[in-house]
Amino acid sequence: MLFRSLHSCKLQSLSLRCFSSATPFVLKPGDVLRKERLFTEEDVLQFSKVSHDSNPLHTDSDTARNVGFEGPLVHGMLVASLFPHIISSHFPGAVYVSQSLNFKFPVYIGDEIIGEVQATNLRENKNRYLAKFKTRCFKNGELLVIEGEAVAMLPTLTVEHGQ
């Protein structure tokens with residue numbers, strides 16, 4: 001018998017089941033996994049280097065302000081990297097199959113971001129599980145900045161305590 005440690009979370013008037021314990025549980029549609037992160041200037045510089053994205057909107061305050069932003073932007077793909085991190089930290093050996101993304105609002109260095117994946121569909125496929133997730137990132141806990149869908153092949157539906 002698996003024990004669950006549940007607490008209710010409310011986002012945009014939806015009641016979601018959220019898991020906050022290291023106790024393993026079996027993933028079901030509707031379950032939500034989250035990760036909180038604050039992106040730093042060093043994160044942006046390192047991502048710029050590894051991705052070869054040298055757009056000055058990410059590194060130069062004047063350039064960002066001249067086009068209407070408050071300051072340098074965190075790369076959207078860096079913020080969206082929370083989704084595969086959440087999935088792989090709870091399901092080691094997961095294979096990321098696809099991701100769609102809609103960028104709604106900018107993310108700036110120092111913004112507190114909460115990434116979440118919500119299981120919407122689970123299907124067994126040759127001793128593995130094809131999982132579809134609703135993916136969302138919120139700035140400062142409330143403003144939706146990224147939304148989309150992800151599909152991953154999971155080795156199991158038993159959720160491990162993520163990092």
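The structure is a predicted model, with a mean pLDDT of 86 for the protein.

**Pocket lining**
- By residue class, the lining of the second largest pocket comprises 10 nonpolar, 3 polar and 1 charged.
- At least two lining residues come from helix H3 (76-80), and at least two from strand E8 (143-154).

**Strand pairing around E6**
- Strand E6 (residues 112-125) pairs with strand E4 (residues 31-38) in the antiparallel sense, over 7 bridges.
- Within this pairing, Val32 has Gln118 of E6 as its bridge partner.
- E6 also pairs with strand E7 (residues 128-139), again in the antiparallel sense, over 12 bridges.
- Opposite Arg123 stands Leu130 in E7.
- A hairpin is formed by E6 and E7, with 2 residues between the strands.
- Lys126, in the turn of that hairpin, has a positive phi of about 55°.

**Confidence**
- A pLDDT of 70 or more is reached by 83% of the residues.
- Over residues 1-17, pLDDT stays under 50.

Notes: Residues numbered from 1 in each chain as written. Predicted model: local features only at pLDDT ≥ 70, side-chain atom pairs only at ≥ 80, totals over all residues. Heavy atoms only, no water. Pairing = 2+ DSSP bridges. Helix = DSSP H or I, 4+ residues; strand = E, 2+ residues; numbered from the N terminus. Nonpolar A, V, L, I, M, F, W, Y, C, P; charged D, E, K, R; others polar. pLDDT = per-residue confidence, 0-100. Contact = heavy atoms within 4.5 Å.
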